[in-house]
Amino acid sequence: MCIRDRPEGEARLTQAGMVLGSPSYMAPEQAMGKDLDARADLYALGIMLHQMLSGSVPFQAQSDLMVISMHLKEPPPPLRQARPDLDIPVPVERLVLRMLEKDRERRFQSADQLIQAIDMVLGMIGVAGGAIQAPQIGGSPIVDLDVVAPKTAVLVDD
């Protein structure tokens, strides 16, 4: 049965104004029920990166509602504070914090811009090659990583 064929009176899975998502990875604008774009995904990716580097998501509480409130109001803990035992480079920490900006206008505006920033950070911390290689299938890149975002100061604090 397709959704269009749903019997009258049967409950819908979603409703207008309903917020869906995993509270631990929810962008502030998603928690507020605003229109979403790729920047919400970049926020969630920032949460995952924070989790990969520190071993935990930045916001933890006893209830989902409290976690959502933290996404809306609390600054994320810097990685170097969350895991002082790890030698996390400052440029990596700044990249993650930029991804976790509450105001989506202050986050990276596209995946291309984030890729460029990651490439810059890899170069800054001396990772061999300093460039991200596109995943390949049969010798051809899956994604064209040659798209260049503006080189404005993507990692500078205010």
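**Close-up views of a predicted model**

**View 1. Ile125 is partly exposed, because its relative accessibility is 32%.** This value lies in between the two limits used here, under 20% for buried and over 50% for exposed. The structure shown is a predicted model. Ile125 belongs to the loop that runs between helix 6 (111-124) and strand 1 (136-137). On the surface, Ile125 forms a nonpolar patch together with Met120, Met124 and Val127. The accessible area of these four residues together is about 320 Å².

**View 2. Glu29 is a buried residue of helix 1.** Helix 1 spans residues 28-31. The relative accessibility of Glu29 is 3%, and Glu29 therefore counts as buried, the limit being under 20%. Which residues are in contact with Glu29, leaving aside its neighbours within four places in sequence? They are Lys34, Leu36, Arg39, Ala40, Lys102, Arg104 and Arg107.

**View 3. Helix 3 (residues 64-73) has the buried residues Val67, Ile68 and His71.** These residues lie on the same side of helix 3, because they cover an arc of only 100° around the axis. In an α-helix there are 3.6 residues a turn, so residues three or four places apart point the same way. Leu65 and Lys73, on the other side of helix 3, are exposed.

**View 4. The buried residues of helix 3 have helical packing partners.** Against which helices do these buried residues pack? They pack against helix 1 and helix 2 (38-54). Helix 1 is also where Glu29 is found.

Terms used: Residues are numbered from 1 along each chain as its sequence is written. This is a predicted model: local features need pLDDT of at least 70, side-chain atom pairs count only at pLDDT 80 or more; totals for chains, interfaces and linings use all residues. Side-chain values use heavy atoms; hydrogens and water are left out. Helices (H or I, at least four residues) and strands (E, at least two) are DSSP runs, numbered from the N terminus. Buried means under 20% relative accessible area, exposed over 50%, partly exposed in between (1.4 Å probe, protein chains only). Contact means heavy atoms within 4.5 Å. Patches are made of residues with over 30% relative accessible area and no salt bridge: like charges are joined within 9 Å, nonpolar side chains (Val, Leu, Ile, Met, Phe, Trp, Tyr) within 5 Å. Accessible areas come from the Shrake-Rupley method with a 1.4 Å probe; for residues, only the protein chains shown count as cover. A salt bridge is a side-chain nitrogen of Lys or Arg within 4 Å of a carboxyl oxygen of Asp or Glu. The arc is that of the directions from the helix axis to the C-beta atoms.
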